[in-house]
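Morning, everyone. Please bring up the model on your screens, and we will walk through it together.

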2 protein chains.
Amino acid sequence: MQDIILAHNEAKGENFLKRIIGKKPLFACTLGTTETAKISGISAAGANPEITDFTPPADIELLLLGKCKCIKGVPVTPDGIPTPALITMSALKLASIPALPVNAGLRILPHVPYLELGGKPGRDIRTGKAVQNVLEVLQRAKLAGQILSQTVDYLVIGESIPGGTTTALGVLLAMGVNAGGKVSSSMPGNPHTLKMRTVEEGLKKLRIKPGELKEKPLDAVSCVGDPMMPAFAGLVLGAAERIPVLMAGGTQMSAVLAVVSAVNRAVLGNVAIGTTRWIISDKTSDLRGIVSQIADVPILAANLNFSASQYAGLQAYEAGVVKEGVGVGGSTIAAIAKTKGKITAEVMLKEVEANYMQLVSTKPSQ
Amino acid sequence: MQDIILAHNEAKGENFLKRIIGKKPLFACTLGTTETAKISGISAAGANPEITDFTPPADIELLLLGKCKCIKGVPVTPDGIPTPALITMSALKLASIPALPVNAGLRILPHVPYLELGGKPGRDIRTGKAVQNVLEVLQRAKLAGQILSQTVDYLVIGESIPGGTTTALGVLLAMGVNAGGKVSSSMPGNPHTLKMRTVEEGLKKLRIKPGELKEKPLDAVSCVGDPMMPAFAGLVLGAAERIPVLMAGGTQMSAVLAVVSAVNRAVLGNVAIGTTRWIISDKTSDLRGIVSQIADVPILAANLNFSASQYAGLQAYEAGVVKEGVGVGGSTIAAIAKTKGKITAEVMLKEVEANYMQLVSTKPSQ
C-alpha cells in the first residue's frame with residue numbers, strides 16, 4: 001500500500017488499514033448547503049458564491065451518472081479548476097465501489113436516488129442559528145448507519161458542502177478546540193481572518209464563549225455548524241458500532257469527529273480519517289494539530305500527486321487549490337485497499353486525466 | 001427448507017433457493033399511496049379509507065423502530081386485525097436482516113431515513129392519470145437497484161400501498177393479461193366486481209382498450225397503476241442485472257413482473273416471487289394463473305400457519321384476512337434461507353405472538 005500515507009497515529013492507522021484491505025466498502029456522500037458559503041471570499045466550491053447551491057448535487061450526479069444533470073459541465077472554482085468529485089469518480093470507477101448519496105440539507109436536489117434524513121439547508125452562521133432539527137437528523141442518520149453497516153464490510157463517508165471549513169471552525173471553537181488558523185481552505189490563500197470573524201459573529205449572537213459548548217455538540221452544530229455535520233456524525237455513530245468507518249475529508253472531519261467523540265467515544269476504535277497528501281502537507285492548515293486535541297484516531301492520506309499531469313487544471317491541485325472534498329482522499333484509499341494496491345497514485349492520475357479530458361477540457365497545458 | 005413451498009415452476013424455484021441459502025440479503029420496502037384506496041370497499045389496509053395514507057409510513061416505522069411514530073399503536077384492518085408488518089418485523093428481527101425504506105410516492109412521510117426516488121402519491125385510477133413521472137422514477141430506482149446490488153448478496157423487495165391489488169388489476173388488464181377475478185384482496189370477501197368497474201372507468205377515461213398497452217408498460221402504470229410500481233420495477237431491473245431478487249408480495253407482484261418483463265426480459269433469470277401460503281391457497285385469487293401468462297419465473301411461498309395461535313387477531317389470517325403485504329412471505333423466506341432452516345414457521349409464530357402481545361393486545365382468544 002505504498003500510496004497510502006500513515007499520517008498520524010501510525011500504528012492504529014496500520015491496523016485500520018489491515019482491517020479494510022480486500023474488503024467491500026460503500027461510499028456514502030453527505031450533501032448539504034449553507035448560506036455561509038455565500039459570504040464573499042469564504043468558498044471556492046463554485047464559479048461564484050450564488051452557484052454553490054448547485055455544487056453538491058452536481059458533484060453527486062457526476063459520481064453516479066458520469067456527468068452532471070443540474071448544471072452544464074462540472075462544478076469549478078472561480079479560476080476554472082474542476083471539482084474534486086472528478087477524482088472521487090475516478091477512484092470509485094476503477095475499484096467498482098458503489099456510491100450512495102445522502103441528502104443532509106440541500107437547496108437544489110440531484111436527479112439521482114438519495115437517502116433522505118429530513119435535514120434542511122443551513123443558514124448563515126452569523127445568525128447563530130445555523131442548523132435546524134440537529135437531533136432528529138442525527139438520530140435518523142444513526143439508524144441509517146446501522147442499516148448500512150449490515151450490508152457492507154466498511155463505510156467510507158464523504159461530504160460536499162461549500163463553506164464547510166468555516167462552519168467546522170465554528171463548531172470546533174464552540175467546543176473548545178483550538179482550531180484558529182488551523183482549518184484548511186479550497187483556496188491557496190486561506191482566509192483565516194475572515195473565517196474567524198464570521199464564527200465570532202455567530203457565537204456572539206447567542207452570547208456563547210469559545211469552549212462553552214464542549215459537552216453540547218448538538219448545540220454547537222445548531223449555532224455555528226452546518227447540516228452536513230449531524231448527518232455525517234449520525235452515520236458514523238450508527239455504522240461504527242459494528243464496522244470500520246473511514247471519515248473521508250480534510251479539516252471538516254475534525255469537527256465531525258468532535259461531535260462523534262462527545263456523543264459516544266466508544267465507537268472511535270472503528271474510526272479513521274482518510275484524506276489527501278495535499279491536506280497533510282498544507283502549510284496553511286493543521287489537521288493533525290486539531291485531531292490530536294479531540295481523540296487519538298489515525299489519519300491516513302492518499303498519496304495523490306498531479307505534478308506530472310499534462311493538464312493545468314489538475315496541476316493546480318499541487319499549488320494548493322481545492323485539496324480535498326467529495327471524499328477524494330478516502331475514496332482513493334478505499335480504491336487502493338479494495339484492489340490490494342493494484343490501483344496506485346499513478347493509475348489514479350491516468351484515470352483522472354481521461355475523465356478530465358472527457359468532461360472538462362481536451363487541451364493539455366504548455 | 002421444509003417451510004418454503006415451491007409453489008410454481010418448482011425446478012427454477014429450487015435453483016433460486018439454492019442461490020440464496022446462507023447468503024446476506026437486504027429487505028427494501030417500497031412505500032406509496034394511491035387515492036384509489038379511498039374508494040369505499042377497495043382496501044382493508046387501515047381502520048378506515050382516509051387513514052390508509054398513514055399505513056405505509058407506520059408499517060416501515062414498525063420495521064425499523066419496533067413501534068410506529070406517525071400513528072398510535074399499529075395499522076389495523078376495519079376489524080382490528082393488525083398489519084402484516086408485524087410478521088415482517090418478526091422475520092427480519094429473528095434473522096438480523098436489515099430493512100431499507102423506499103419512498104415511492106407517500107403522502108405522509110415516516111420518521112425514519114428512507115431512499116428518495118422523486119415519486120408522488122398516486123391519483124384515483126378512475127381519472128386515467130394515476131401516476132406522474134413514471135419514467136423518471138423507474139430510472140432512478142434502477143440506479144438505486146444497481147447501487148444496492150453491489151452491497152449485498154441478494155435483494156428482497158416488498159411493498160406497502162393500500163389499494164394495490166386494484167391498481168395491479170388495472171396494469172394487468174391494460175397490458176392484456178387476463179387477470180379479471182384473479183387478483184387477491186386484504187379482505188376475505190374479494191370485491192372483484194368493484195375492482196373491475198374501477199379499472200374500466202380509468203381505462204375508458206383515456207379510451208384505452210384492454211391489452212392496448214401490452215408493449216407500453218410505463219403508459220399502463222401512468223394510466224391505471226400506482227406509484228409503487230415504477231419504483232419496485234426499477235429496483236428489480238437494476239439489481240437483477242447482477243444478483244438474485246425476490247419480489248415479495250401477492251398478486252401485485254404480477255403487475256410489477258409484467259412491467260419488468262416488458263422493459264427487459266433478460267433480467268428474469270435472477271427473479272422469483274416470494275409470497276405466503278395464504279396467497280397460494282386463496283380460492284378468491286390466482287397468482288399462478290396470472291404469472292404464467294407473463295413469464296416463467298418461480299413462485300416460492302412461506303408456509304406460515306397461524307391456526308394454532310392463541311390470538312384471534314392472528315388466527316384471522318387463516319380465514320383469509322390480509323394474506324400478504326409489507327413483504328411478509330418474502331421476508332419470511334429470506335429469514336428461513338439466511339438461517340439455513342433454523343427459523344421455521346413454528347419459530348415465526350412464536351416471535352409474531354410475542355410482538356403481537358407487546359404491540360397489539362395481551363388478551364388471548366377463548
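A:Lys12 is partly exposed, with a relative accessible area of 41%. Keep in mind that this is a predicted model. What does A:Lys12 pair with? A:Lys12 makes a salt bridge with A:Asp296. Their closest N and O atoms are 3.0 Å apart. Now look at where the two partners sit. A:Lys12 belongs to helix H1, residues 10–20, of chain A. A:Asp296 sits in the loop between helix H11 (287–291) and strand E8 (299–302) of chain A. The two are 284 residues apart, so this pair links distant parts of the chain. And A:Asp296 is partly exposed too, with a relative accessible area of 45%.

Over to chain B. The side chains of B:Lys12 and B:Asp296 also meet in a salt bridge, at 2.9 Å from N to O. B:Lys12 is in helix H1 (residues 10–20) of chain B. B:Asp296 is in the loop between helix H11 (287–291) and strand E8 (299–302) of chain B. Buried or exposed, or in between? B:Lys12 is partly exposed, at 41% relative accessible area. B:Asp296 counts as partly exposed as well, at 45%.

Next, a salt bridge with buried partners. B:Asp53 pairs with B:Lys38, and their closest N and O atoms are 2.8 Å apart. Both residues lie in the loop between strand E2 (25–32) and helix H2 (55–65) of chain B, so the pair ties together parts that are 15 residues apart in sequence. Why do we call B:Asp53 buried? Its relative accessibility is 7%, and buried means under 20%. B:Lys38 is buried as well, with a relative accessible area of 18%. In chain A, salt bridges that share partners form one network. That network joins A:Glu35, A:Lys38, A:Asp53 and A:Arg107. Over all chains, the count comes to 21 salt bridges.

Let's step back to the two chains.

A:Gln150 is in the loop between helix H4 (134–148) and strand E5 (154–160) of chain A. A:Gln150 is buried, with a relative accessible area of 18%. What does A:Gln150 touch, leaving out residues up to four places away in sequence? In its own chain, A:Arg242. In chain B, B:Lys24, B:Ser96, B:Ile97 and B:Pro98. The C-alpha atoms of A:Gln150 and A:Ala239 are separated by 8.5 Å, though the two residues are 89 apart along the chain.

Now a helix in chain B. Helix H5 covers residues 164–174 of chain B. How many of its residues are buried? The count is 11 of the 11, so H5 is largely enclosed by the rest of the structure. Among them are B:Gly164, B:Thr165, B:Leu169 and B:Ala174. What covers these buried residues? The cover includes helix H6 (192–205), helix H7 (217–224), helix H8 (228–239), helix H9 (252–263) and H11, in chain B. After H5 comes B:Gly176, with a positive phi near 85 degrees.

Last, chain A as a whole. Chain A has 14 helices and 8 strands. Its C-alpha trace spans about 50 × 40 × 40 Å along the principal axes. Chain A has 366 residues, and 66% of them are buried. Take the contacts in chain A between residues at least 6 apart in sequence: 80% of these join residues at least 24 apart. The accessible surface of chain A is about 12,400 Å², and 50% of that belongs to carbon and sulfur atoms. Finally, the charges. Chain A carries 37 positive and 29 negative charges, and their mean positions are 2 Å apart.

Note on methods: Residues numbered from 1 in each chain as written. Chains lettered and ligands numbered in written order. Predicted model: local features only at pLDDT ≥ 70, side-chain atom pairs only at ≥ 80, totals over all residues. Heavy atoms only, no water. Helix = DSSP H or I, 4+ residues; strand = E, 2+ residues; numbered from the N terminus. Buried < 20%, exposed > 50% of the residue type's maximum accessible area, 1.4 Å probe, protein only. Contact = heavy atoms within 4.5 Å. Areas by Shrake-Rupley, 256 points an atom, 1.4 Å probe, with all protein chains shown as cover. Lys, Arg positive; Asp, Glu negative; His and termini not counted. Charge placed at Lys NZ, Arg CZ, Asp CG, Glu CD. Salt bridge = Lys/Arg side-chain N within 4 Å of Asp/Glu carboxyl O.
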